[in-house]
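Please look through the sequence and the model before reading on.

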Amino acid sequence: MSADAAGPPFAAVDLGASSGRVMLGEVGGGGVSLVEVHRFANRPVRVGGTLYWDVLALYHGVLEGLRAAGRRSGGRLAGVGVDSWAVDFGLLDASGALLGNPVHYRDERTAGAAERVASAVSPERLYAATGLQHLPFNTIYQLVAARDSPQLAAARSLLLIPDLISYWLTGVRGTELTNASTTQLIDPRTGDWAREVAEAVGIDLGLFPPLRRPGESAGELLPEVLAQTGLAGPVPVTAVGSHDTASAVAGVPAAEGPFAYVATGTWSLAGLELAAPVLSEESRRANFTNELGVDGTVRYLRNIMGLWLLQECLRDWGDGGDEPELGPLLAAAARAPGLRSVVDAGAAEFIAPGGMPARIAAACRRTGQPAPRDRGEMVRCVLDSLALAHRAALVDARRLSGVEVATVHVVGGGAHNALLCQLTADACGLPVVAGPAEAAALGNVLVQARAAGAVRGGLARLRSLPRASLPLRRFVPEGDGTAWRRAADRIASGGRD
């Protein structure tokens with residue numbers, strides 16, 4: 001395949017916390033195109049008091065998606081790449097069989113694990129070694145919580161979720177680096193394991209297969225997979241930025257120069273792309289993370305609760321039935337008074353599912369603010385709070401890194417939400433470029449295409465393709481920012497002006 005020439009499509013398997021999708025991407029003619037061929041639900045299951053991912057249902061969805069991709073492409077694919085959410089994993093026995101469904105990061109099993117880790121490695125030392133934001137469900141805490149479990153005792157291999165799916169597709173095991181960097185067991189300076197940390201907390205790094213980087217081979221589709229999907233082999237599988245945010249940032253349609261990004265979905269990941277990690281104590285106290293990205297970059301960002309808050313409100317309002325339509329709720333939110341009540345969108349109290357509208361209302365009352373009076377005001381409270389969290393993350397990222405930016409790129413599902421994009425522009429005082437919504441799948445395809453020789457160059461070249469060929473929307477900040485500064489002060493002071 002010649003450079004920059006169109007060829008067979010690439011399949012991007014993109015697994016999110018609420019749904020998975022398989023998309024076909026074509027690169028050529030100075031641009032890139034994407035089409036969704038299959039989407040399927042990702043429904044966690046609670047059994048015996050534990051919340052699990054239904055990973056076999058996800059894999060079935062992947063196979064269905066590849067079958068649909070084959071039908072659309074005449075049975076031929078240029079390649080496959082897999083990305084997903086971070087931190088969770090499956091354990092395999094000596095024969096390579098899965099020992100049980102992966103536990104969901106929102107499960108309560110990690111309660112107390114952070115204190116156990118801190119007794120062995122101080123938070124200051126842990127951050128200096130790994131640069132990762134403290135989140136109670138990071139892989140390090142999950143493994144410490146599972147230390148005495150029969151499943152971990154029987155395990156001979158550990159595969160992060162995208163690596164597990166790739167293993168089932170190819171029979172080849174590996175640990176892709178961008179996702180491994182979210183385990184809190186990787187040194188972001190070296191791109192290798194933080195062995196002293198693992199030893200101090202009693203984690204056997206021998207469970208992890210060898211590290212591999214975006215663009216490296218992850219094998220080829222197995223004959224049984226070709227038979228199940230109707231694809232003609234060989235079909236290479238490429239290790240992409242298997243953490244979906246790594247792929248999403250690779251797919252940001254930015255021009256050269258520093259830029260800020262907000263990758264929105266169930267979570268909002270707001271930050272900057274840097275050449276080196278920021279491991280200062282001030283950065284640790286600000287709860288910033290240094291995750292590794294494509295081409296040796298660092299994703300310097302803060303995890304924010306994201307559209308989970310809105311998703312959980314919709315689920316609650318559905319009361320076990322159909323969720324209310326989002327469009328009318330967004331229209332009502334646009335009419336509602338702005339910044340009447342706001343909450344800390346990064347607060348741990350919002351991590352667990354269930355009863356979200358009541359919890360948000362309680363947080364408003366607890367901080368001396370009026371509770372939202374109807375659903376429109378509740379949605380406005382959520383979106384204002386997310387915009388404030390985006391603002392706080394980007395203000396801190398610029399201050400701590402010393403890097404200034406002129407534009408914020410909003411990618412992921414939230415790019416469709418015009419009100420959220422406008423509020424983010426207003427809160428940050430910077431223009432927002434919204435799109436593409438499927439940035440993770442886009443970055444997945446672009447890394448595959450470069451590995452196959454369909455495009456050449458660095459990230460700037462990859463990003464020029466969506467910038468030239470995909471529809472983007474621009475939002476200009478309105479107002480002088482005074483109300484947003486006051487609202488930010490209200491959050492910092494616990495809600496009271």
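## Basis

The model is predicted: local features need pLDDT of at least 70, side-chain atom pairs count only at pLDDT 80 or more, and totals for chains, interfaces and linings use all residues. Residues are numbered from 1 along each chain as its sequence is written, and side-chain values use heavy atoms, with hydrogens and water left out.

## Nonpolar cores

A nonpolar core is a set of buried Ala, Val, Leu, Ile, Met, Phe, Trp, Tyr and Cys residues joined through side-chain atoms within 4.5 Å. Buried means under 20% relative accessible area, exposed over 50%, and partly exposed in between (1.4 Å probe, protein chains only). The largest nonpolar core has 149 residues, and V80, L169, L185 and I360 touch the most other members. Helix α15 (residues 375–401) gives the most to this core, 13 residues. Apart from it lies another core, of 20 residues, including V32, V294, A441 and L459.

Helices (H or I, at least four residues) and strands (E, at least two) are DSSP runs, numbered from the N terminus. Contact means heavy atoms within 4.5 Å. Leaving aside neighbours within four places in sequence, the contacts of L185 include W193, V197, L205 and F208.

## Helix α16

Ten of the eleven residues of helix α16 (residues 418–428) are buried. Among the elements that cover these buried residues are α13 (326–335), α15 and α19 (482–492). Just after α16, G429 takes a positive phi of about 65°.

## The second largest pocket

A pocket, on a 1 Å grid over the protein atoms alone, is an open set of points where a 1.4 Å probe fits, with protein on both sides within 12 Å along at least five of seven lines; lining residues have an atom within 4 Å of a point. The second largest pocket is lined by 27 residues, of which R302, D344, G346, A389 and A392 lie nearest its centre. The largest share of this lining, six residues, comes from α15.

## Backbone features

Two peptide bonds are cis: G233 to P234, with omega near -5°, and G435 to P436, with omega near 0°. P234 is in the loop between α9 (223–229) and β14 (236–238).

L339 has a positive phi of about 60° although it is not a glycine. L339 is buried, with a relative accessible area of 10%. D295 also has a positive phi, near 60°, but D295 is partly exposed, at 42% relative accessible area.
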